[in-house]
Amino acid sequence: MGLIHTPSLKLTRRQFLTISGISGASLLLSGCGSPLFEDVAGAISEPLNQKVESFIFGLKPQKLVPEFSVSEIDNKALIVNTFRNTPIIDIENYRLVVDGDVNNPLSLSMAEIQKLPLTSMIIRHVCVEGWAAIVQWAGVRLRDIIALAQPKETVKYAYFISADKYYSSWDIASSVHPQTLLAYQKNGEPLPIDNGAPLRLASPVKLGYKQSKWVTQISLVSNLSRYKGYWEDQGYEWFAGL
Amino acid sequence: MLTSGIQIYNANPVFGGRAGLHIPPIFALGGWLAGGRHWHFAAMWVFSLNLLWYGIFVLVTRRWRHRYVGLLDIKALQKSQNPKRLTFAWHRIAYTSIIPILLFAIFTGIGMYKPAQFPWIVDFFGSWQALRIVHFATVPLVLIFALVHSYLARKVGGTEFTESMFW
């Protein structure tokens with residue numbers, strides 16, 4: 001009896017753990033030096049992260065971020081990151097266009113912008129790469145420009161188009177934060193062309209890649225298109241709040 | 001968390017900036033900066049919720065009263081001749097010290113993720129650079145912990161002890 005033995009295929013607990021351990025280790029090791037589904041990790045976690053980020057920001061959307069003293073300004077720490085070339089802008093013909101879902105579309109010259117109230121702030125500029133620099137920016141509050149354009153009730157986002165074809169988009173709450181500026185001065189001097197002259201975004205509440213330089217057009221819109229921003233469309237986070 | 005953190009680190013090394021000390025990309029997860037950030041900010045939930053769950057478990061089961069290093073362990077290290085008691089004391093030091101290390105990793109991480117919301121975290125460490133260094137210090141500290149832990153476990157039970165985890 002029983003000349004033929006069929007080996008049991010049942011896994012013991014230890015065998016199961018062994019196999020899980022080995023396959024888990026191989027999964028982890030194969031990830032070394034590779035993307036390993038970073039797009040999936042982003043697709044799964046980013047919606048949650050974005051909700052948490054905008055929730056934290058929304059608790060006190062007008063709260064001022066503490067500023068720094070003049071002696072803390074670090075002039076050399078601010079690295080210039082430009083995605084393409086530095087554009088050539090004729091300041092006489094320059095216009096800032098504000099359009100989209102607004103009752104009063106604008107086309108402002110630099111002279112007109114400089115007549116609006118000047119706000120100065122010394123903030124920490126934080127780059128997605130990990131470095132940070134304490135910079136003084138001065139310019140007009142973006143909320144003042146938005147108010148002039150009289151946005152419709154439905155407006156939820158702002159698109160920023162730059163002279164070098166760079167583009168980005170913000171949630172409206174961060175756009176009307178009192179420290180979100182369209183700056184034309186840096187560290188007490190006229191804004192250098194490399195830093196985005198004549199007009200750039202500057203804010204302590206967003207990462208550096210959201211702070212577009214050489215802004216020529218602001219579109220206030222009710223919905224985001226499938227193009228959310230130059231870096232955002234490549235895979236960087238859209239909200240990117242600080 | 002470690003490997004995706006190294007990916008982020010390499011975008012602008014904490015030590016020396018762009019021209020500074022890069023870590024070989026074989027240790028980096030994510031492929032590029034955005035990918036490293038995706039992994040880092042996905043894994044932070046698993047890591048921090050896991051630590052929170054452990055904290056609740058330790059409190060509810062009252063393990064905190066006798067699982068961590070105490071005065072008796074320090075005394076034992078000074079006086080005891082019993083090798084088992086000595087290893088036990090070192091083990092408790094290792095397991096106790098890893099907890100603040102992991103908590104500091106979260107604390108400094110929140111400070112870098114949301115410096116405008118929690119500016120006092122950056123102030124607590126004095127500067128942005130100091131905050132980055134403390135956050136990065138998690139990498140060598142966790143690696144040292146892993147080595148000490150495995151050395152102590154082998155000292156207690158040898159390879160049989162390690163193998164008993166698998167078969």
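Analyst: Domain bounds are taken from an automatic or database domain assignment, and in this predicted model the assignment for chain A gives domain 1 (14-59) and domain 2 (66-234). Taken over C-alpha atoms, the centres of domain 1 of chain A and domain 2 of chain A are separated by 34 Å.

User: How do you know that the span of helix 2 of chain B agrees with its number of residues?

Analyst: Helix 2 of chain B covers residues 33-60, which is 28 residues, and at 1.5 Å a residue these should span 40 Å; because the end C-alpha atoms are 40 Å apart, the two values agree. Helix 2 of chain B also bends by about 25 degrees at B:A43, and just after this helix B:R62 takes a positive phi of about 60 degrees.

User: Why are residues such as B:W39 and B:F41 called buried?

Analyst: A residue is called buried because 20 or more other C-beta atoms lie within 10 Å of its own, and in helix 2 of chain B the buried residues include B:L33, B:W39 and B:F41. What covers the buried residues of helix 2 of chain B includes helix 2 (38-59) and helix 6 (230-234) of chain A, together with helix 1 (2-11) of chain B.

User: What makes up the contact between chain B and chain A?

Analyst: The contact takes 30 residues from chain B and 34 residues from chain A. On the side of chain B that touches chain A, helix 2 of chain B gives the most, with nine residues, and by class that side has 19 nonpolar, eight polar and three charged residues.

How values were computed. Residues are numbered from 1 along each chain as its sequence is written. Chains are lettered from A and ligands numbered from 1 in the order in which they are written. This is a predicted model: local features need pLDDT of at least 70, side-chain atom pairs count only at pLDDT 80 or more; totals for chains, interfaces and linings use all residues. Helices (H or I, at least four residues) and strands (E, at least two) are DSSP runs, numbered from the N terminus. The expected span of a helix is 1.5 Å times one less than its number of residues. The bend at a residue is the angle between axes fitted to the seven residues ending there and the seven starting there. A residue is buried if 20 or more other C-beta atoms lie within 10 Å of its own, exposed if 12 or fewer, and partly exposed in between; C-beta atoms are placed from the backbone. Two residues are in contact if their C-beta atoms, placed from the backbone, lie within 7 Å. Ala, Val, Leu, Ile, Met, Phe, Trp, Tyr, Cys and Pro count as nonpolar, Asp, Glu, Lys and Arg as charged, and the others, Gly among them, as polar.
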